[in-house]
Amino acid sequence: MASMATNENLPPTVIRQLAKELKNLDDSPPEGIKVIVNDDDFATIFADIEGPAGTPYENGIFRMKLILSRDFPQSPPKGFFTTKIFHPNIATSGEICVNTLKKDWNPSLGLRHVLLVVRCLLIEPFPESALNEQAGKLLLENYQEYARHARLYTSIHALRPKNGAISAALNKNQYNTLLAPIATSTGIKAFGLNSQDQHAAPSAVLGGASAAPRKDGPLAVKVPVDKKKMDARKKSLKRL
């Protein structure tokens, strides 16, 4: 396992790139995400993520951190939530399971992309690759019970938004922008991802095949679902 880095042992070129990225994130933060910059330690990057509207995490702010190793960006950062959260792809230790931070990592991916991927995970969990088996089982078998657990954790552990807090603009309506058009350059730009991520989406962005559609809950769609289109979408996801 690679040792964790500090500013002293990160290569100067990496420090300069991180400083540029962090300044950009501070000047122009992604929707619903606020990065906490520590100029003395770029190796541990904290961010506050606002629970997307229409999910069990709504009205909560969750702190996470990215830990960079000495060989970053050749190896991916490790992601953890420091705020307790009930989610299939987040272990009770806080470890985040998403393909972007594992097999789909690419050194050209920036911090903005990683943070957007993590927030997407709050909209569309993937119980098939669960680190929290209880959450994954509930999501597949009893969504209402899963949502109840997740809302309870949110009410107890998450920070509360204040006036002027980060935006919760990434909601269930914008989720359609993520999942359907993201494979096109228009969809990629709309969601704020880099053009080189086009061929990685949506499975690389979200971490796997889409969870089974639910009849109710925050991701339910009010209009009837076209089954043929849904089946076609699932097949296309499996090929990615």
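At what angle do helix α1 and helix α2 pack, and how far apart are their axes?

**View 1. The whole chain, a predicted model with 8 helices and 4 strands.**
A word on ground rules: in this predicted model, local features need pLDDT of at least 70 and side-chain atom pairs count only at pLDDT 80 or more, while totals for chains, interfaces and linings use all residues. Residues are numbered from 1 along each chain as its sequence is written, and side-chain values use heavy atoms, with hydrogens and water left out. Read along the sequence, the elements of the protein chain go α-β-β-β-β-α-α-α-α-α-α-α; helices (H or I, at least four residues) and strands (E, at least two) are DSSP runs, numbered from the N terminus. Of its 240 residues, 46% count as buried, where buried means under 20% relative accessible area, exposed over 50%, and partly exposed in between (1.4 Å probe, protein chains only). The protein chain has an accessible surface of about 12500 Å², and carbon and sulfur atoms own 52% of that (Shrake-Rupley method, 1.4 Å probe; for residues, only the protein chains shown count as cover). Take the contacts in the protein chain with a separation of 6 or more: 65% of them come from residues 24 or more positions apart. Contact here means heavy atoms within 4.5 Å.

**View 2. Helix α1 against helix α2.**
Here's the answer to the opening question: α1 (residues 12-27) and α2 (residues 111-123) pack at about 50°, with their axes 9 Å apart. That makes α1 oblique to α2. Axes are lines fitted to C-alpha atoms, for helices over the stretch in contact, and angles run from 0 to 180 degrees between N-to-C directions; under 35 degrees counts as roughly parallel, over 145 as roughly antiparallel, 65 to 115 as roughly perpendicular, and the rest as oblique. On the α1 side, the contact is made by Leu 18, Glu 21, Leu 22, Asn 24 and Leu 25, and α2 answers with Leu 111, Arg 112 and Leu 115. Sorted by class, the contact of α1 with α2 has 5 nonpolar, 1 polar and 2 charged residues. In this sorting, Ala, Val, Leu, Ile, Met, Phe, Trp, Tyr, Cys and Pro count as nonpolar, Asp, Glu, Lys and Arg as charged, and the others, Gly among them, as polar.

Strand β2 is largely enclosed by the rest of the structure, because 5 of its 7 residues are buried.

**View 3. The bridges, pair by pair.**
Strand β3 (residues 61-67) is joined to β4 by 4 bridges, and Ile 67 has Lys 78 as its bridge partner in β4.

**View 4. Arg 63 in strand β3.**
Arg 63 is the bridge partner of Asp 48; the two are 15 residues apart in sequence and 4.4 Å apart in space, C-alpha to C-alpha. Arg 63 is partly exposed, at a relative accessible area of 30%. Leaving aside neighbours within four places in sequence, Arg 63 touches Ile 36, Phe 46, Ala 47, Asp 48, Phe 81, Thr 82 and Thr 83.

In the loop between β2 and β3 you'll find Asn 59. Its phi is near 70°, a positive value in a residue other than glycine, and Asn 59 is partly exposed, with a relative accessible area of 47%. The loop between β3 and β4 holds Pro 73, and the peptide bond from Phe 72 to Pro 73 is cis, with omega near 10°.

**View 5. Helix α3 against helix α4.**
Helices α3 (residues 133-141) and α4 (residues 143-157) pack at about 140°, with their axes 6 Å apart. That makes α3 oblique to α4. From α3, the contact uses Gln 134, Ala 135, Leu 138, Leu 139 and Glu 141; from α4, Tyr 143, Glu 145, Tyr 146 and His 149. The class tally for α3 with α4 is 5 nonpolar, 2 polar and 2 charged residues.

Conventions:
Pairing = 2+ DSSP bridges.
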